[in-house]
Amino acid sequence: AAGFKATCEDSIHCTRRGGRMVQVGLPIGGQNPVVPMGMVAGKELEIVGSHGCAAEDMPAILSLVKNGKLDPKKLIKSEVSLKEGAKALMDMDHGSPTGMVMITRFSDVPRCRY
């Protein structure tokens, strides 16, 4: 879940039984999410917080990418269409893939180029 009240709350409701929800970033806008602890306990959920990285660390990280010491592409398992992405999301009920599945094609219809 990103740093928004609604995404935090929605992700808890969407996490499968025994699953893990990762809260990335702090809630913004002074709106604290309502965490349904009965659901968390009943579904045996794990909630993990991640602040991400500090803004001052970004130049060093981008330098590692630029110098070839860090290759973010290695994190990507596959690139799929929007339709394939929906299937990949449903397949996560049976286990999560190693690496990211990225939706990079949003239409099967070729675009007209003028």
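Lys 43 sits in the loop between H2 and E2. The model is predicted. Is Lys 43 buried or exposed? Its relative accessibility is 16%, and buried means under 20%, so Lys 43 counts as buried. Which residues does Lys 43 touch, leaving aside its neighbours within four places in sequence? The contacts are Ile 12, His 13, Thr 15, Arg 16, Arg 17 and Gly 18.

**Helix H1**

One of those contacts, Ile 12, is also a buried residue of helix H1. H1 covers residues 5–14. Its buried residues are Cys 8, Glu 9, Ser 11 and Ile 12. Why do these residues lie on the same side of H1? They cover an arc of only 160 degrees around the axis, which puts them there. What do they pack against? Their partners are strand E1, helix H2 and strand E2.

| Partner of the buried H1 residues | Residues |
|---|---|
| Strand E1 | 20–24 |
| Helix H2 | 37–42 |
| Strand E2 | 46–50 |

**Strands E3 and E4**

Strand E3 takes in residues 76–81, and strand E4 residues 100–105. The two pair in the parallel sense. Five bridges join them. Val 80 stands opposite Ile 103 in E4. How does the chain get from E3 to E4? It passes through helix H4, residues 82–91. This β-α-β crossover is right-handed.

**The whole chain**

The protein has four helices and four strands. From the N terminus on, the order is α-β-α-β-α-β-α-β. The radius of gyration is 18 Å, whereas the globule rule gives 13 Å for 114 residues. The protein is therefore more spread out than a compact globule. Along the principal axes, the C-alpha trace spans about 55 × 40 × 30 Å. Buried residues make up 14% of the 114 residues. Take the contacts between residues at least 6 apart in sequence: 58% of them join residues at least 24 apart.

**Confidence**

The mean pLDDT of the protein is 86. Of its residues, 91% reach 70 or more. Which elements mark the two ends of the range? H2 has the highest mean pLDDT, 95. H4, the crossover helix, has the lowest among the elements, 87. Where pLDDT is low, the predicted coordinates should not be read in detail.

Conventions: Residues are numbered from 1 along each chain as its sequence is written. This is a predicted model: local features need pLDDT of at least 70, side-chain atom pairs count only at pLDDT 80 or more; totals for chains, interfaces and linings use all residues. Side-chain values use heavy atoms; hydrogens and water are left out. Two strands pair if DSSP finds at least two bridges between them. A crossover is right-handed if, with the strands pointing away from the viewer, the path from the first strand over the helix to the second runs clockwise. Buried means under 20% relative accessible area, exposed over 50%, partly exposed in between (1.4 Å probe, protein chains only). The arc is that of the directions from the helix axis to the C-beta atoms. Contact means heavy atoms within 4.5 Å. pLDDT is the predictor's confidence in each residue, from 0 to 100. The radius of gyration is taken over C-alpha atoms; the globule rule is 2.2 Å times the number of residues to the power 0.38.
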